[in-house]
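User: I have a structure to go through with you. Please show me how to read its features one by one.

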Amino acid sequence: DGVNETVESERKQKEMEIAKSYKGYEDGIRKRYKIDADNRPKVSLWGILKSMIGKDMTKMTLPVSFNEPTSLLYRVVEDMEYTDLLDIAADRHDSTERLVYVAGFAASEYASTIGRVAKPFNPLLGETYEYVRPDLGYRFFIEQVSHHPPVGAAYAESAKWTYYGESAVKSKFYGKSFEFNPLGTWFLHIRPANGAPEELYTWKKVTSSVVGIITGNPVVDNYGPMEVKNWTTGEVCYLDFKAKGWKASSAFQVSGKVVDANGRTRWSMGGRWNDKIYARLTPGYEAVVGAPEDEAKDKSNQAFLVWEAHYRPPPGEIPFNVTPFVVTLNDLPDRLKPVVAPTDSRLRPDQRAMEEGEYDFAATEKNRVEEGQRARRRIREAKGEEFTPRWFTKAKHPITGEDYWLFNHEYWKIRDQVANGEKKWED
Ligand code: CLR
């Protein structure tokens, strides 16, 4: 598939703009934590949670040993693990094929939730996080724009696509399960290689839940419908994440279809969100895709692999049972230190202590930074001021009409000046 000349030069220009943010990331990604095992005390989750039925997670104070060295900001960056699917999507010449890969991307983020029954740190108001991948050609930025309820506004960009949205989760503990309901919409702009007009896709995340808390075997499940819509062409992908039932065979199951603007089926999709997702061209009909029997049936029209989960080392191999991608997140090499904003998550001493297995220190530091946050709020209240985000403003989306967070693009400009010694981050 060739790339249209105008598109090619637009991509080059975007690439050069993004490459300015590579400063500080010269050492490459981190491969391991300082510690080899987390040795966290084993405490029964049910023993702690049983008195908290009906509460949401923001109202719970849990021992720091229930944390993992991530935060709700990092959990949003985790969605970037399979951006190669967006690169592939942008290079496909058929818009329904692009949608297949975009939907694959939307479903790809759930694999990393397995075995992660731990609480991410709650970001401070105004806390920011930047994550740049020179090897993959994208940069990502997020700011905590509200504390109660916790809301993060994110913006990521590469030569071929732009991705942004709001991360806000409503949670509730029911005893039988702990439910996490994401509220925000995710927006994706794709710049197709063939010169077709830039496309806007949107979707919302499915529900995550923890079941098996009472029986002492807590596992994460992800379930519900997902609708990935191409606003430019009117094509839609409907995916259904099946809830883990009593039958082992229903665990991790995803199935769905891509329909054209007239509602006619074009592709069938299916597979398992912990493993692989397939698609098959099924014009005018639907088929079960990804099941072993599917492959054998029709030799002339095989399903193809859309997404495959990255290798996950066996439990216990990486502390806190995080993924290799997560290990790259909280890294702060010497070259990056003077470049990131003073509000960057990497500078949080409590998260750093957690990562290094210093749990008592993590707990006292967590108290200290949260006290600081309360003190800043009291000062604002005394002055009659309200917190305003530094890098995002609320706006109406020009295409979908929804409320969303508009990125002001200042962050990377200032960061570049800081990296070049022309400016200092003002505190
Ligand atoms: C789901 C996708 C959203 C962002 C998001 C926010 C909160 C996360 C949730 C995701 C996944 C499940 C989660 C939750 C916070 C806590 C919960 C990690 C990533 C874990 C499984 C709860 C563990 C139980 C505690 C009480 C110890 O876009």
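User: Which residues have the most contacts inside the largest nonpolar core?

Analyst: A nonpolar core is a set of buried Ala, Val, Leu, Ile, Met, Phe, Trp, Tyr and Cys residues joined through C-beta atoms within 7 Å. A residue is buried if 20 or more other C-beta atoms lie within 10 Å of its own, exposed if 12 or fewer, and partly exposed in between; the C-beta atoms are placed from the backbone. Here the largest nonpolar core has 78 residues, and Val102, Ala103 and Met269 have the most contacts inside it. Helix H5 (residues 95-108) gives the most to this core, with 8 residues. Helices (H or I, at least four residues) and strands (E, at least two) are DSSP runs, numbered from the N terminus.

User: Before we go on, what kind of model is this, and how are residues numbered?

Analyst: This is a predicted model: local features need pLDDT of at least 70, side-chain atom pairs count only at pLDDT 80 or more, and totals for chains, interfaces and linings use all residues. Residues are numbered from 1 along each chain as its sequence is written.

User: Which residues is Ala103 in contact with?

Analyst: Two residues are in contact if their C-beta atoms, placed from the backbone, lie within 7 Å. Leave aside neighbours within four places in sequence. Ala103 is then in contact with Val228, Cys237, Leu239 and Met269.

User: How do I read a pair of helices? At what angle do H4 and H5 cross?

Analyst: Axes are lines fitted to C-alpha atoms, for helices over the stretch in contact, and angles run from 0 to 180 degrees between N-to-C directions. Angles under 35 degrees count as roughly parallel, over 145 as roughly antiparallel, 65 to 115 as roughly perpendicular and the rest as oblique. The axes of helix H4 (residues 84-91) and H5 cross at roughly 170 degrees and come within 8 Å. H4 and H5 are therefore roughly antiparallel to each other. On the H4 side, the contact is made by Leu85, Leu86, Ile88 and Ala89. H5 brings Arg98, Tyr101, Val102, Gly104, Phe105 and Ser108.

User: How do the residues of that contact divide by type?

Analyst: Ala, Val, Leu, Ile, Met, Phe, Trp, Tyr, Cys and Pro count as nonpolar, Asp, Glu, Lys and Arg as charged, and the others, Gly among them, as polar. The contact of H4 with H5 has 7 nonpolar, 2 polar and 1 charged.

User: Now the ligand. Which residues come nearest to it?

Analyst: A residue is near a molecule if its C-beta atom, placed from the backbone, lies within 6 Å of it. There are 18 residues around the ligand, and Phe66, Arg75, Val169, Pro182 and Ser208 come nearest. The shell divides into 11 nonpolar, 3 polar and 4 charged residues.

User: Which element gives the most to this shell?

Analyst: S7 does, with 3 residues. Elements that each supply at least two residues include helix H3 (72-77), strand S6 (161-173) and strand S10 (207-211).

User: What should I look for in the backbone?

Analyst: Most residues other than glycine have a negative phi, and most peptide bonds are trans. Now the exceptions here. A cis peptide bond joins His148 and Pro149, with omega about 0 degrees. Pro149 sits in the loop between strand S4 (138-146) and strand S5 (151-158). Asn39 is not a glycine, yet its phi is positive, about 45 degrees. Phe252 also is a residue other than glycine, with a positive phi near 70 degrees.

User: Where are Asn39 and Phe252 found?

Analyst: Asn39 is in the loop between helix H1 (5-19) and H2. Phe252 lies in the loop between strand S12 (236-241) and strand S13 (253-259).

User: Is each one buried, partly exposed or exposed?

Analyst: Count the C-beta atoms. Asn39 is exposed because 11 other C-beta atoms lie within 10 Å. Phe252 has 19, so this residue is partly exposed.

User: Which residues does Met60 touch?

Analyst: Not counting residues up to four places away in sequence, Met60 touches Met52 and Lys55. Met60 is in the loop between helix H2 (45-49) and strand S1 (67-71). With 15 C-beta neighbours inside 10 Å, Met60 counts as partly exposed.

User: And which residues does Asn194 touch?

Analyst: Asn194 touches Asn4 and His93, again not counting residues up to four places away in sequence. The loop between strand S8 (185-190) and strand S9 (199-204) holds Asn194. In space, Asn194 and Ser112 are 33 Å apart, C-alpha to C-alpha; in sequence they are 82 residues apart.
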